[in-house]
Amino acid sequence: MGSVTRSDGVAARERRVEVTERVLTAVEELLAGGERYTEIPVMRIAERSGMSRTNFYQYFPNKSEVLVHVAEVASAAFFDAPARWFADDSALDQGLPGVERVIREMVAGFREHWTVMRALGELAAYDSEVAAFWFGRINGFIEVAASHVECWREQGRVDPAVGPESVAAVTWMVERAVTQHVLHPNGAVTDEGLVRALARTIWLTFSQGSR
């Protein structure tokens, strides 16, 4: 019986992932048409996803839940690279080029899902459920990254002054800079130019102790 229960649980999780991916594609297709997320009825998202109203609401009880679930997938493309960098003991040994690779992946991840990321930022300003997800996602990343930085500090690999505040400042700097760059581009700033500027700032923050 236990194995059957576990199998059912695995199947349910796989089904949830498959449905979320379909809904993410549907939302991005609808947003690509120029509409704002708040203007799109839930039923249009359900229909574009190939789901009945009843089935759709079994997974997503309201439109905020829809955005939270698809944004969880979309934002992973933004956070995965820096999460791997902070978790890698050899990150500081990779030097500035390693940081540039991370920022380059973050810009690419944001561009890939820019419509959902834009909707996420807009709704987080006034929707408490969306705000709890997005700011919780960012703060959770900061907490984990700061724990790795603490280990580097104990090893004498970064400046003793570098702590959680430094991680928070760098994280919010990158999030705001990439968001502004992709959604409201300045023609004088290229992707690669932004990558180099952000990477240099981050490297100067975390590499001081290793010099």
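**View 1. The span that UniProt labels "DNA-binding region", residues 41-60**. The label comes from an unreviewed UniProt entry; positions follow the numbering used here, the feature name is shortened, and such annotations may be inferred rather than shown by experiment. This is a predicted model, where local features need pLDDT of at least 70 and side-chain atom pairs count only at pLDDT 80 or more, while totals for chains, interfaces and linings use all residues. Residues are numbered from 1 along each chain as its sequence is written, and side-chain values use heavy atoms, with hydrogens and water left out. The end C-alpha atoms of residues 41-60 sit 13 Å apart, and the span is 70% helix and 0% strand (helices are DSSP runs of H or I with at least four residues, strands are E runs of at least two, numbered from the N terminus).

**View 2. Tyrosine 57 in helix H3**. Helix H3 covers residues 53-59. Tyrosine 57 is partly exposed, at 29% relative accessible area (buried is under 20%, exposed over 50%, partly exposed in between, with a 1.4 Å probe and protein chains only).

**View 3. Isoleucine 103 in the largest nonpolar core**. That core has 66 residues, and Val23 and Ile103 have the most contacts inside it (a nonpolar core is a set of buried Ala, Val, Leu, Ile, Met, Phe, Trp, Tyr and Cys residues joined through side-chain atoms within 4.5 Å). Skip the neighbours within four places in sequence, and isoleucine 103 is in contact with Val174, Val195, Leu198, Ala199 and Ile202 (contact means heavy atoms within 4.5 Å).

**View 4. Helix H4 passing H7**. The axes of H4 (residues 63-87) and H7 come within 10 Å and cross at roughly 15 degrees (axes are lines fitted to C-alpha atoms, for helices over the stretch in contact, with angles from 0 to 180 degrees between N-to-C directions). So H4 counts as roughly parallel to H7 (angles under 35 degrees). The crossing is right-handed (the near helix is turned clockwise from the far one by less than a right angle).

**View 5. Threonine 171 in helix H8**. Threonine 171 is buried, with a relative accessible area of 10%. Beyond its neighbours within four places in sequence, threonine 171 is in contact with Ile138, Phe141 and Ile142.

**View 6. Alanine 161 in the loop between H7 and H8**. The loop links helix H7 (128-154) and helix H8 (164-183). Alanine 161 counts as exposed because its relative accessibility is 64%.

Notes. Angles under 35 degrees count as roughly parallel, over 145 as roughly antiparallel, 65 to 115 as roughly perpendicular and the rest as oblique.
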